[in-house]
Amino acid sequence: MKKTNVESFEFDHRKVTAPYIREVVVYENEDYGVVSKYDIRVCQPNEDFLEPGIIHSMEHLLADKIRDIIEGVIDLSPMGCLTGFYLTVFGKRDLEEIKAKIVESFKAASEVEEVPAMNEIQCGNYRLHQPKLAKAKLEEFVSKMK
C-alpha cells in the first residue's frame, strides 16, 4: 500500500467495530486557530453502508440539530463510503463530552417531525430522501452508543 497524507486512508478499517466516535485529528495553526475532526461511524466498514437516500436524510436532520447542541460546528459531512459522517469543529474538545453531544444530536434529529430543506429550492437532490429509514438509523445509533 502506498502511504498517503489522508488520515482516514492510513486508518485500518478492519480493526474497529461500529458504531463509534473517534477523534481523527486536531489541527493547530498559528494563523487559523484550532480545528478538530471526528469520525462518527454508523455502519461497520466494508460490511454495511447507508443507502444514499438514508444518509442524505440523516445529514439534513443532523445539520441543524447538531449546530443547536454543539457550538462551533464548521461542517458535518457524509463519508463517501456511506458508513457515517465527519464532524469538524473549532477548538480542541474533550472526547467524552463531544461523544455525548453527538449522541444527543442524533437523538434530537431522530425526533424531528419533518426533514428540513427537503425541497427543490433548498436541496440539490430533494427527491433522494428516505426520512423514515434515516430516523430509524439515528435511533439505532443512539441506542447502541449508550
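**View 1. Val26 and the residues it touches.** Not counting residues up to four places away in sequence, Val26 touches Val34, Val35, Ser36 and Lys92, where contact means heavy atoms within 4.5 Å. This is a predicted model, so to speak of local features takes a pLDDT of at least 70, side-chain atom pairs count only at pLDDT 80 or more, and totals for chains, interfaces and linings use all residues. Residues are numbered from 1 along each chain as its sequence is written, and side-chain values use heavy atoms, with hydrogens and water left out. Val26 itself is found in strand S1; helices (H or I, at least four residues) and strands (E, at least two) are DSSP runs, numbered from the N terminus. At 22% relative accessibility, Val26 counts as partly exposed; buried means under 20% relative accessible area, exposed over 50%, and partly exposed in between, with a 1.4 Å probe and protein chains only.

**View 2. The cis peptide bond at Pro19.** Here a cis peptide bond joins Ala18 and Pro19, with omega at about 0°. Pro19 sits in the loop between helix H1 (7-10) and strand S1 (20-29).

**View 3. Two positive phi values.** Most residues other than glycine have a negative phi, and most peptide bonds are trans. Asn46 is not a glycine, yet its phi is positive, near 65°. You'll find Asn46 in the loop between strand S2 (33-41) and helix H2 (52-69), and it counts as exposed at 73% relative accessibility. Ala117, not a glycine either, has a positive phi of about 60°. Its place is in the loop between helix H3 (95-110) and helix H4 (131-145), and with 24% relative accessibility Ala117 counts as partly exposed.

**View 4. His60 and its contacts.** Stay with Ala117 for a moment, as it turns up among the contacts of His60. His60 lies in helix H2 and, at 11% relative accessibility, counts as buried. Leaving aside neighbours within four places in sequence, His60 is in contact with Val115, Pro116, Ala117, Met118, Cys123 and His129.

**View 5. Helix H2 against helix H3.** Two packed helices are described by the angle between their axes and the distance between the axes. H2 and H3 pack at an angle of about 125°, and their axes are 8 Å apart. That makes H2 oblique to H3. Axes are lines fitted to C-alpha atoms, for helices over the stretch in contact, and angles run from 0 to 180 degrees between N-to-C directions. Angles under 35 degrees count as roughly parallel, over 145 as roughly antiparallel, 65 to 115 as roughly perpendicular and the rest as oblique. From H2, Met58, Leu61, Leu62, Lys65, Ile66 and Ile69 meet Lys101, Glu104, Ser105, Phe106, Ala108 and Ala109 of H3.

**View 6. Cys43 and Cys81, without a disulfide.** The structure holds zero disulfides, a disulfide being a pair of cysteine sulfur atoms within 2.5 Å. For Cys43, the nearest cysteine sulfur is that of Cys81, 9.0 Å away. Cys43 is buried, at 2% relative accessibility, whereas Cys81 is partly exposed, with a relative accessible area of 45%.
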